[in-house]
Each structure stands twice: as C-alpha cells, then as structure tokens.
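Please look at the sequence and the model first.

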Amino acid sequence: MPDTRLAEQFVDLRQQHDVAELGIWVFLATEVLFFGGLILAYCVYRSIQPAGFAEAAHHTKIVIGAANTAILMTSSFLVAWAVTITKLGEARFAGLLLWAAALLGLVFIGLKGLEYTLEYREHLLPGLGFDYPGQHAIAAHLFFSFYLVATGLHAVHVAIGIAVLAVIGRRARQAAYSGACHAPMTVAGLYWHFVDLVWVFLFALIYLPGRSG
Amino acid sequence: MNSRVFHPKSYLREGFTLRSWLTTRDHKRIALLYMISITAFFFLGGAAATLIRIELATPAGDFVTDETYSKLFTLHGVVMVWFFLIPSIPATLGNFIVPLMIGARDLAFPRLNLASWYLFMLGGVVTLYAVFVGGIDTGWTFYTPFSTMYSNSHVVLAVTGVFIAGFSSILTGLNFIVSIHRMRAPGLTWYRLPLFLWSLYATSVILVLATPVLAITLLLVALDRFAEIGIFDPSRGGDPILFQHLFWFYSHPAVYIMVLPGMGVVSELVACFSRKEVFGYHFVAWSAIAIAGVGFFVWGHHMFVSGQSPFAGLVFSFMSFIVAVPSAIKVFNWTATLHKGWISYDAPMLYALGFIGLFTIGGLTGLFLACLAYDVYVTDTYFVVAHFHYIMVGGTVTAYFGGLHYWWPKITGRMYPEYWARGAAILIFFGFNMTFFPQFILGIEGMPRRYHVYPPEFQVWHVLSSAGASILAIAYALPLFYLTWSLFFGKRAPDNPWRTTGLEWQTPSPPPKHNFERTPVVKRKPYDFTVKGKARAQNA
C-alpha cells in the first residue's frame, strides 16, 4: 500500500526526512549571511564611533529587551521539548507546547511594539521624527537605524515563525506526526531556534554596549 | 538497455492546458517556463545593447540623450545579469538535467522549484515596471551615494525587483544542494558524478551564501532612499564604500554563478565529442569547488581605486591571481582531453571550443585587472567592459547555447538542424570577437565606459564594434528560428543521439514525467569511452 505521507519524488520516508532537515540547514545558512551583512555594517560603524554607540545604547529599554530575551529562550525550550516528545510518540501534547511557544512569540511582538512606541515618543526612530541632542547625534542616528532595521527584520521572522508554529501545532494535535514521521516539526523547530539565536546576538549588540561598567 | 518494451507517456503529454503548465511541479516543465522567460529577457537586454551600439557608431551624442543613454546601459546590465545570466544555465538546463543525471524522479523540493519561478517572474515584472515608468540611471551596480541621494529615477522599484528575484536564485541553489546530496541513485558516488553536477553544486553554494548579502544590501539602499536611514549617507555618518564592499561581496561571486555552470556544460561537451574521459576528472571537479571558495575573497579587486587600504589592495590582488589557478586547470584539462581524442565537430562541440577560446582571453585579461597598477590605469574603461563580456557573453552565453543544442533532443524529442546550428555557432564566434576585441583597444587608449560622446579618434574601433554587434545580433536570433522550427519539423530524436554515458540519456527522449521507469543503479564513472567507438552507460 503506498504511504500517503511520502511525496512522489522520494524512495522512502527516511529520505524525505533527511531532505527536509538538510533543506532547512541550507536555508538557515542563507539567513546567517542575510543578517550577517547587516551585523557587519553595525560592527564597522561601531568600531569607528565607539563612544557614540555606547551612549546611544543607553537609550534602549533594557528591561523590555531582557524580558523579551527570556521570553524567546523559554519559547525555544518549549519547541525543543515538543520535538523531543514527538520522537517518543507523544505528538498531541507536543501540539500544546508549540501553541504555547507561538503565544510567547506574540507576547514578544507585543512588547516590541510597546518598545517602539516609547522610542517613537522619545524621537529615537530614524525616519520617524528622529531628534537627538548632543555631540553624538550622528552616531546615534546610525545606531538607531541599525536597531530599527535589524529588529524590524527579526520581528518579520518572528511573525512568520508564529504562523508556522500555530499550523504545525494544529497538525500535531490532529496526530499527524509520530516517532517515524515528524520532519515538518523538526524543520519548524530549527527555524524557531534560529530566530531565537538571532535575537541573542541582537540583544548583545543593541542593549549591552556601554552598560558593562 | 535500449530495447524498450513500451513507450511511456512523455512529460510534454501530461496535460496540454495553460493551467497544467502554470501549476506544474515537474522540474522539466519548470525548466521550460524558465527557458521561455529568460529568452524574452535576453532579447529585451539585447534590444538595449542594440540601441547602445547604434548610439556609439558616431562620436556625437546624436541618437539618444545623456539621460536615455544612462537608462539604456542600466537596463541592459540589470536585465542581462539578474534576469538572464544568473538563471540561464542553472534554472533551465540545470533544472531539467540535474534530476535526470542523478537518476531521481524530481528535485528535492518541487513546490519550492515552482515558487522560485514565480518569484523570478514577480521580480522581473517589478523591474520592468520600473523601466516603463521612467527607467533607472544608476548602472547595474546601484553605487551609493548616487543611487540613494542623487538619482531621480526609479531606484527603489528596481532594487525591489532584483531583491525578489534574488530569492528565486536562493531557492534554486538550495534545491540543487539538497538534491545532489540526498537524491542520488544507488551507486552514484560523488566521484561518479558528471562534472556538470560538480559545477552546479559549486554554483549553488554561491547562490545560497552570496545572494542574501545582496538582498540585505539592496534593502538598505531602498530604506536609505525611502526612509532616509542614512546607512550609506556620508552626511549622516554612513559610508558609501561600505556599500561597495557589500555589493561586490555578492557581485564578484556572482560572476562565478554565471560562469561555473558554463564550465560544467563544456566539460560534458568536450568529453562527449572527443569520445574520451575528461582528463584529470578529480582536478576539474575540485577546481569548481576551489573557484567557488576562493571567489568569496577577491571582491576588493573591484575597488582598487575606491580608497581602500593599500594592504587590502595587495591581499585582494593576490587572491585574484590565486583564483586564476583553478580556472586555468580547467582550460588545460579540457585541452588535454581533446588531445588524441576522436573529435567530431557537431554544433555543441563548436560552441564548447568557442567557449574555451573566449574564456581564455577573458581569463587572461582578468589577470591584467588583478594587477594593482595596471587596474588603476584601465579602471572604468572599455578594457573592463571587454574583459567581463568575454567571460559572461563569450563564456556563459556560448556555453548556454552549446548545452541547449546538446540537450535539445532530450528536452524536446526533436533534433535541431545541424548545419544551421553549426553556422550560427561560427557566426557567434566571429561576431563576438569583432564586437568585443576592439573594446580592449579602446580601453587601453582611454575610452571610459558609460559615456556616449567620445573623441573622433575612437570612432574606427566603435564602428568596428557596432558592425560586429550587428553580426552577433543576427547570430543570436538564428537559433530562435531554427530551434522553433525543429519543434515541429525536426527529425525525431533517439534516446541517446550522441551515444554518450550519462544517466539522462538512458531514458526516453523526451522523458516521462517520472524520468525513469525504474530507478537506475550506477555501476561506473561517467565518460567511459574506453571501448573504441562505444560508450558504456553509467548504469550498464
């Protein structure tokens, strides 16, 4: 009997699983270079204007940033948990975990929006009434340009991730995955961990300069 | 093996509606969708080149205005680079042949493959829209701060189009990498892969790793222009040179995206039409990987006059010489393959030989440009223009036509008319040299690129070049007619018309939807012509 889960180009489910996993790793390599170009630009400008970047970074909302870091880390943990128990055959509970992770993603986006609003009121967002007094105005403009572009692109990735987790969570609730067949969940999980990891880098680059002493 | 009991239905007969084509996930049909699209873009870019060559026939700017001229060379560059050369061999011939060569039923991700074509078309439509509402005048390189602050043309639209098309490149590369890793037929080890696959693998690595950097760079340009974020704006602390670094980090490897697949095609052709194994298979295979790897560290040779540090210039100059080594290995090994071969001069072989000659000239003049001092002398002159046209047009386009003729019987099930094809191949070779060789001389004598008004003493070379271009235009149009003719009136193609060894020839022409009746089991290396006059198929 032909297996309905097997796409026609593959020999067996194992090959299908391997292909999906390698595919997402190659895609993540692309993503690394995508964010890498942006982070390179940041490093260049920060090395030219270290004092200005340190001062500008003091205006970021570290409490919100730290909370968001904790939120994404927790959601990543839930996803890792979900993938592990699916391999053990507990896919239904895994669905709940994925939904919880997606919910944390929504909280992240909400807090990010709050942060943008506060910064907008303080005239810190380039292109949206930026106004920064003092000698480091130019460096601060560059810093907040990077901040806006990097966190904006990251938020788009989070939003996509939330949608993916929600759908995969639903499929898991319908018992579509099992110990032998869980490639979509592994792939979604790897993507989510990557988005989380990007945030860890952004957190260090955006919130921490000049705060270490 | 060749005595088939019944004829399975060909992929071309799996549905005749437009819908069946536009929703297909069959790699062979997607390859044809790409082929039709890039042919349209090729002739659009060619039309812009024609207008450029007409303008340059006289020293005065009497045919188009300054502004129109800038828009013409930008249109030519953008369309030819991103909408013809980058997808040319990978997305058409590669898409069609890769699954056949590895003995698979399809690529690893058929739906992504179709999505990549739609992204490509969307990017193309956005870019064309930018052209028709007024054009872009920055040159294909979109250099800042001109593109971000001064140009009054539709830069945001154009970079958006290229940005979108970039994702189609990434998806194609991803598909090839995963397919070559995970979908090979039993027995098809890495060292049994035809060299076309090694080349496409190397190309795919560049597509996946370099294209995202272009994407983020163009996004920053658009935001700089649109929202004044100032990343490349000197008045806001930004650095326009950083744009050049990021741009060439993609765009130099992009040269290898364009030429590596051509090298892969030529390896196939030279082996097949010399009836010999490619000399030094391992070296040719690994030189593709070496070119892809080293190619990531030479981008600074586009910036010798940008004010980068002398040390950076030195390193980039050295690395640019290094990347010539694997390229030269390929040329030497193709020539060594010809040595004592049983050579036949069918049209694909004429293209392959043309490629070797033109690529050698393009490569050697590349060494001139890798020299710091000489590059400063000819920067932004026609010497550079001639050099990269030898690589991209003399190299890539020639190889594309060679591969197109070679696999045409497999793709369409029809033979092309041999004598017309040989005539076109020879005409292309002569037309090309007549167009571009004079441009080396113009460059050395000081004619800058991107100018359409020039001193009268340059006219003789420009007239020669324009005359060559008119021959080239006819030569490039010829295949359009005789290949279309062959679709209806060409001789029916046998399964293996060139009597060669690859798996793609061990299935009917044109192949059935699932490529192979039974997954082939590979028993030997490619290019086994050891028994005189006979080819042993890889699965025989």
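Q: In which loop of chain B is B:Pro145 found?
A: In this predicted model, a cis peptide bond joins B:Thr144 and B:Pro145, with omega about 0 degrees. Helices here are DSSP runs of H or I with at least four residues, strands are runs of E with at least two, and both are numbered from the N terminus. B:Pro145 belongs to the loop between helix 4 (110-132) and helix 5 (146-150) of chain B.

Q: How are residues and chains labelled, and which pLDDT do local features need?
A: Residues are numbered from 1 along each chain as its sequence is written, while chains are lettered from A and ligands numbered from 1 in the order in which they are written. As this is a predicted model, totals for chains, interfaces and linings use all residues, side-chain atom pairs count only at pLDDT 80 or more, and local features need pLDDT of at least 70.

Q: Which proline is joined to B:Ser509 by a cis peptide bond?
A: Most peptide bonds are trans. The bond at B:Ser509 is cis, with omega about -15 degrees.

Q: Is B:Arg275 buried or exposed?
A: B:Arg275 is placed in the loop between helix 8 and helix 9 of chain B, and has a positive phi of about 50 degrees although it is not a glycine. A residue is buried if 20 or more other C-beta atoms, placed from the backbone, lie within 10 Å of its own, exposed if 12 or fewer, and partly exposed in between. B:Arg275 has 20 other C-beta atoms within 10 Å, and therefore it is buried.

Q: How many C-beta neighbours does B:Tyr527 have inside 10 Å?
A: B:Tyr527 lies in the segment after helix 15 of chain B. Its phi is positive, about 60 degrees, although it is not a glycine. B:Tyr527 counts as buried because its C-beta neighbours inside 10 Å number 26.

Q: How are helix 8 and helix 9 of chain B oriented to each other?
A: The axes of helix 8 (residues 240-274) and helix 9 (residues 281-294) of chain B come within 11 Å and cross at roughly 175 degrees. Such axes are lines fitted to C-alpha atoms, for helices over the stretch in contact, and angles run from 0 to 180 degrees between N-to-C directions. Angles under 35 degrees count as roughly parallel, over 145 as roughly antiparallel, 65 to 115 as roughly perpendicular and the rest as oblique. The two helices of chain B are therefore roughly antiparallel.

Q: Which residues of helix 9 of chain B make the contact with helix 8 of chain B?
A: Two residues are in contact if their C-beta atoms, placed from the backbone, lie within 7 Å. Helix 8 of chain B contributes B:Tyr256, B:Leu260, B:Met263 and B:Ser267. Helix 9 of chain B contributes B:Val284, B:Ala288, B:Ile291 and B:Ala292.

Q: Which helix of chain A supplies the largest share of the side that touches chain B?
A: 25 residues of chain A are in contact with 30 residues of chain B. Helix 1 (13-48) and helix 5 (137-173) of chain A each supply at least two residues of that side of chain A. The largest share, 15 residues, comes from helix 1 of chain A.

Q: Which residues are in contact with A:Thr151, leaving aside its neighbours within four places in sequence?
A: A:Thr151 lies in helix 5 of chain A. With 19 other C-beta atoms within 10 Å, A:Thr151 is partly exposed. Its contacts, leaving aside neighbours within four places in sequence, are A:Lys112 and A:Leu202.

Q: What ipTM does the predictor give the complex?
A: pLDDT is the predictor's confidence in each residue, from 0 to 100. Its mean for chain B is 95, and 99% of the residues of chain B reach 70 or more. For the complex, the predictor gives a pTM of 0.95 and an ipTM of 0.94.
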